[in-house]
Structures are given as structure tokens and as C-alpha cells.
Amino acid sequence: MQAHAEIKIGNCVVINDGVRLITGSHDINSPTYDHVFAPIVVEDYAWVATDAMVLKGVTIGRGAVVAAGAVVVKDVRPFSLVGGNPAKEFGTRGIERFEYLPASWFGPVMAWTGRNPVTASTPAKPASEPECPAAEPLLQ
């Protein structure tokens, strides 16, 4: 993680190993390669998969999924699926609510499928999402 600007991570977010969040770069039009910084925001219930890279100024929308190895250079719409270099949208998630808690061992599976395998066979619950502890920004 390279945090020269604020990084905000929402509640119930899955960030897998090898993910790089990079809030700074250099101005390629500057004769002295001046630094350029911008924050990164990862909204609630988003999943950033293994070895993805998120560059400065990007917001990952609520419930969005960033595929493994993706290089994200622009904002990702809520509930969209993106992948590649540069990352491009290739689909959307067809879910209305979440039932997973990333702290559990099967959090990434629940993030991808949008459901909790433990409660999938139980009677329907009220249309509220599980309570997640409030997240604090990494930098303020």
C-alpha cells in the first residue's frame, strides 16, 4: 500500500492478498516529475481480488467486484464486475442485499456469490443486511 493520500475502506469489504492501493504518482508533463496524489475509496461490500491494483483517485462502488490481477484506473460503478488492464466492466451483480461477513473464513466465497452458504438453506430473513463493525479510514 502506498498511502500519500487518504484511503477510505467501507464496511464488510473483502481485500485479498497482494492487492495494491496506490494513492500517488508523478506528473508526466512536469519537467521535474512532480508528485500527484489523490484518495482511494472502497465502498461497503466491495471485493478487491488477489493481486489487483487500484490507482490514485479511484472509487470502488458499493458491492462492486474487482477481478484478480485487474489494474483499476477509473471509478467502478456500484455492483459492477471489472477486470483486465486497464480494468473494464464485464458484468453486474444480480443481488439486492448481502448476507456475508468478510471476517468469516468463507467471506470471499460469499462476496462472489452474494450469499452465505451457512444460511442459504434456512428460511428467509428480513431484508436487512448483517451488522458490520464500522470501519475507520486508514489515514486521516
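**Close-up views of a predicted model**

**View 1. The loop that holds Pro86, with its cis peptide bond.** Pro86 lies in the loop between strand E12 (80-83) and strand E13 (88-92), where strands (E, at least two residues) are DSSP runs numbered from the N terminus. The peptide bond that leads from Asn85 to Pro86 is cis, with omega near 0 degrees. This is a predicted model, in which local features need pLDDT of at least 70 and side-chain atom pairs count only at pLDDT 80 or more, while totals for chains, interfaces and linings use all residues. Residues are numbered from 1 along each chain as its sequence is written, and side-chain values use heavy atoms, with hydrogens and water left out.

**View 2. The open sheet of strands E3, E8 and E11.** Three strands form this open sheet in the order E3-E8-E11, and their pairing is parallel; two strands count as paired if DSSP finds at least two bridges between them. Strand E3 (20-22) and strand E11 (71-72) stand at the edges, each with a single partner strand, so one side of each is left without a neighbour in the sheet. Strand E8 (residues 53-55) pairs with E11 in the parallel sense over two bridges, and Met53 stands opposite Val71 in E11. Strands of a sheet pair through backbone hydrogen bonds, either parallel or antiparallel.

**View 3. Thr23 and its surroundings.** Thr23 is found in the loop between E3 and strand E4 (24-26). With a relative accessibility of 0%, Thr23 counts as buried, a term that means under 20% relative accessible area, whereas exposed means over 50% and partly exposed lies in between (1.4 Å probe, protein chains only). The side chain of Thr23 reaches the backbone nitrogen of His4 at 2.7 Å. Leaving aside residues up to four places away in sequence, Thr23 touches a set of residues that includes Gln2, Ala3, His4, Val36, Phe37 and Lys56, where contact means heavy atoms within 4.5 Å.

**View 4. Cys12 and Phe79, two residues with positive phi values.** Cys12, found in the loop between strand E1 (7-9) and strand E2 (14-15), has a phi near 55 degrees, a positive value in a residue other than glycine. At 8% relative accessibility, Cys12 counts as buried. Phe79 lies in the loop between E11 and E12, and its phi is near 65 degrees, again a positive value in a residue other than glycine. With a relative accessible area of 21%, Phe79 is partly exposed.

Terms used
Helices (H or I, at least four residues) and strands (E, at least two) are DSSP runs, numbered from the N terminus. A polar contact is a pair of N or O atoms within 3.5 Å; within protein, one must be able to donate a hydrogen and the other to accept it, and residues adjacent in sequence count only if both atoms are side-chain atoms.
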